[in-house]
Amino acid sequence: MYMNSTFTKLSKEHPNVKFVQVVEGELRNIFQLYNVSKIPTFRFLYDGDVVSECISANPKFVTKKVQKFGELANIKIHKCKDEQSLNKLFTNNNFLVVYFGSKKSKQSIPISSTFAELSRNHSKVKFIYIDQDEMPETFDKSGVWKIPTFMFLCDLDDIRVYDNISSDDLIKKVEEFSKHAEAVSEQVEAVSEQAEAN
C-alpha cells in the first residue's frame with residue numbers, strides 16, 4: 001500500500017514520464033512477456049525498450065531510480081530498423097558506437113542503461129542501437145554472434161568490436177573514443193578556419 005502511494009506521488013512529480021501499474025492477477029501474461037518473477041518490479045522503458053530495472057520495495061531507492069530515469073529525456077540514441085537508415089548514419093558520421101542488442105535479453109538491461117547515459121554526455125559520437133529481432137541480417141553481415149556486442153567505428157575504417165563487456169569497461173572505451181573524436185573535430189575546425197583566412 002505504501003509503495004502504491006509512492007508510485008502515485010512520483011507520477012505527479014514527473015509529468016514527462018508515463019507511469020503504468022500492472023497487477024499480477026489481472027495481467028499475468030504481461031508478467032510472462034517481460035519475464036517478471038518478483039514483486040514489486042519496476043521496468044523503465046524508453047521508446048519501447050527496457051533501459052533499466054528496479055526490484056525493490058524501498059521507496060527511497062525507487063524514487064532515486066525514477067529521478068535518474070526522468071533525466072533520460074535527453075538521451076540521443078539512433079534506433080535503426082532498416083538498412084537504409086543505418087547506411088545513412090554510416091555515411092554522415094565519422095565516429096559511431098553501435099550497440100547490437102535484444103529487447104528480449106534481460107542481461108542487456110544494465111548495459112542498456114549505461115549506453116543511454118553515455119549518449120547524453122558525448123556529443124561528438126553518434127550512438128546507434130540495432131535490435132536482433134528487427135535486423136537479424138545486419139547481425140549476420142557484421143559477424144555479430146553474441147549479445148550485447150559493441151562496435152566502435154572511426155571513419156568506417158578503424159573498427160573495434162567488444163562483446164561480453166561490462167558497464168565500467170564500456171564507459172572507459174566510450175570516454176577514450178570520445179576524446180579522440182573531439183581532438184579530430186578540433187583539428188578539422190582549425191584547418192577550416194585557416195583555409196577561410198587564406
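Predicted model: local features only at pLDDT ≥ 70, side-chain atom pairs only at ≥ 80, totals over all residues.
1. Helix α5 gives the most to its lining, with 4 residues. The volume of this second largest pocket is about 430 Å³. Its lining has 26 residues, and those closest to the centre are Asp 49, Val 50, Ser 102, Lys 103 and Lys 104.

2. Which elements each supply at least two residues of that lining? They are β1, β2 (49-54), β3 (77-80) and α5. By residue type, the lining of the second largest pocket divides into 13 nonpolar, 6 polar and 7 charged.

3. Now take Ser 102, one of the residues closest to the centre of the second largest pocket. Ser 102 sits in the loop between β4 (95-101) and α5 (109-121). Is Ser 102 buried or exposed? Its relative accessible area is 9%. Ser 102 counts as buried because that value is under 20%.

4. What does Ser 102 touch, leaving aside residues up to four places away in sequence? Its contacts are Ser 108, Tyr 129, Asp 131, Gln 132, Asp 133 and Ile 147.

5. Turn to the largest pocket, with a volume of about 1000 Å³. It is lined by 32 residues. Nearest its centre lie Phe 7, Val 20, Thr 41, Phe 42 and Arg 43. Two or more lining residues come from each of α1 (2-13), α2 (28-33), β1 (42-46) and α3 (59-70).

6. Strand β1 provides the largest share of the lining of the largest pocket, 5 residues. The lining of the largest pocket divides into 23 nonpolar, 5 polar and 4 charged residues.

Definitions and conventions:
Residues numbered from 1 in each chain as written. Heavy atoms only, no water. Buried < 20%, exposed > 50% of the residue type's maximum accessible area, 1.4 Å probe, protein only. Contact = heavy atoms within 4.5 Å. 1 Å grid on protein atoms, 1.4 Å probe; cavity = no way out; pocket = protein on both sides within 12 Å on 5 of 7 lines; lining within 4 Å. Points joined across faces, edges and corners; volume = space filled by probe spheres on them. Nonpolar A, V, L, I, M, F, W, Y, C, P; charged D, E, K, R; others polar.
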